[in-house]
Amino acid sequence: MRYGYLGPETTFTHQALLQALAVMPREFTDTVEQVPFTAVATATTDLLAGDIDALIAPIENSVEGGVSGTLDVLAATDSITIVAEQIVQVTFVLAAREETPLEDLHVVSSHPHAQAQVQGWLRGNVPSANVATASSTAAAARDLAAMSLEEARGRAAVCSPLAAEHFGLTVLAEQIEDNAGAQTRFVLVTREGRIPARTGADKTTLVVQLPHNRSGALLETLEMFSANGVNLSRIESRPIGDFLGRYSFSLDVEGHIEDRRVAASLRALHRICPVVHYLGSYPRIDGISPETREEFADATYDEAHAWIESLTGMVTPPSPGSSSTDRQPPQG
């Protein structure tokens with residue numbers, strides 16, 4: 001099995017992959033190859049081409065919200081399936097090639113999502129430093145480590161503690177994130193295939209385009225979930241890209257497609273929405289089962305279905321030459 005991740009080694013995405021592999025049965029991890037990529041879009045192209053078997057990508061951060069690059073890639077194809085999720089605790093350090101006073105730093109590099117999560121600390125502690133963009137937090141650490149001491153003087157990287165250790169950097173400050181306890185959620189994606197079995201503590205991810213030029217379209221879409229007692233844990237809009245004002249919505253639904261209430265919601269969406277991408281149902285990493293009222297339990301849907309079948313089965317088709325008024329409605 002070849003697993004792609006946003007590299008190089010020691011990125012938070014790499015940590016998420018290691019977490020995912022740690023809980024897999026051994027027969028799936030004995031011959032694993034970990035393949036770093038510079039972008040989720042590139043990894044997805046290789047996944048669809050069969051060059052890798054799965055990839056892991058960040059989808060949501062507790063501070064910054066949705067990861068637009070991943071959301072846009074997921075919205076662009078329905079030929080992939082999310083089969084698992086991982087959550088990584090996010091903490092950052094400021095690291096340099098050698099011990100350096102903070103006031104001597106003139107360039108600090110990192111990934112834009114990391115920059116956003118430490119911007120308050122940077123403004124307060126290295127206000128005169130320019131902030132440079134790197135393809136990942138680990139790439140910022142790696143590139144700094146590859147410089148000569150003279151070239152690296154006055155430069156630092158915002159990265160994970162693991163990356164600083166791996167690339168032999170000196171930590172100048174720890175826990176520099178503005179929000180302690182921040183987390184990033186990652187999804188493990190395969191080519192379109194088997195959906196993981198229902199566990200009772202599951203999540204379903206969708207991308208939905210709304211009917212155009214119709215007032216109340218978003219409300220109508222959300223009511224399909226409300227009417228079936230289905231809770232949404234995430235909803236984010238992303239531009240479709242053809243012209244202004246056109247958006248798709250990326251949704252996380254509490255439940256599995258095999259849950260009757262979730263399946264009923266998807267059927268309703270399919271009727272009213274021009275595009276519905278089903279991206280998979282998979283176990284929730286926190287193992288929390290949603291609270292489901294009795295009227296939304298599977299058994300209640302089954303009973304209602306059986307009741308309708310019993311009614312339609314009792315209706316006698318009109319005989320030739322008879323009018324519809326000859327048919328009597330079922331009693332009781």
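## Helices and their buried faces

In helix α2 (residues 40–49), the residues V40, A43, T44 and L47 are buried, where buried means under 20% relative accessible area, exposed means over 50% and partly exposed lies in between (1.4 Å probe, protein chains only). Helices here are DSSP runs of H or I with at least four residues, strands are runs of E with at least two, and both are numbered from the N terminus. This is a predicted model, in which local features need pLDDT of at least 70, side-chain atom pairs count only at pLDDT 80 or more, and totals for chains, interfaces and linings use all residues. Residues are numbered from 1 along each chain as its sequence is written, and side-chain values use heavy atoms, with hydrogens and water left out.

**Helix α2**

- Looking down the axis of α2, you find its buried residues within an arc of 100°, so they line one face of the helix; the arc is that of the directions from the helix axis to the C-beta atoms.
- On the other side of α2, T45 and A49 are exposed.
- The buried residues of α2 pack against β2 (33–37), β3 (54–61), α3, β5 (80–89) and β11 (183–191), with contact meaning heavy atoms within 4.5 Å.

**Helix α3**

- Helix α3 (residues 68–75) has T70, L71, V73 and L74 as its buried residues.
- These residues cover an arc of only 165° around the axis, which puts them on the same side of α3.

**Helices α8 and α9**

- The axes of α8 (residues 217–226) and α9 (residues 260–272) come within 8 Å and cross at roughly 160°; axes are lines fitted to C-alpha atoms, for helices over the stretch in contact, and angles run from 0 to 180 degrees between N-to-C directions.
- That crossing angle makes α8 roughly antiparallel to α9, a label for angles over 145 degrees.
- From α8, the residues E220, T221, M224 and F225 make the contact, and from α9 they are S265, A268, L269 and I272.

- A264 is in helix α9, and it counts as buried because its relative accessibility is 17%.
- Leaving aside residues up to four places away in sequence, A264 touches N228 and Y301.
- A264 and A227 are 37 residues apart along the chain, and their C-alpha atoms are separated by 9.5 Å.
- L18 lies in helix α1 (residues 12–22), and its 37% relative accessibility makes it count as partly exposed.
- L18 and N61 are 43 residues apart in sequence and 19 Å apart in space, C-alpha to C-alpha.

Terms used: Angles under 35 degrees count as roughly parallel, over 145 as roughly antiparallel, 65 to 115 as roughly perpendicular and the rest as oblique.
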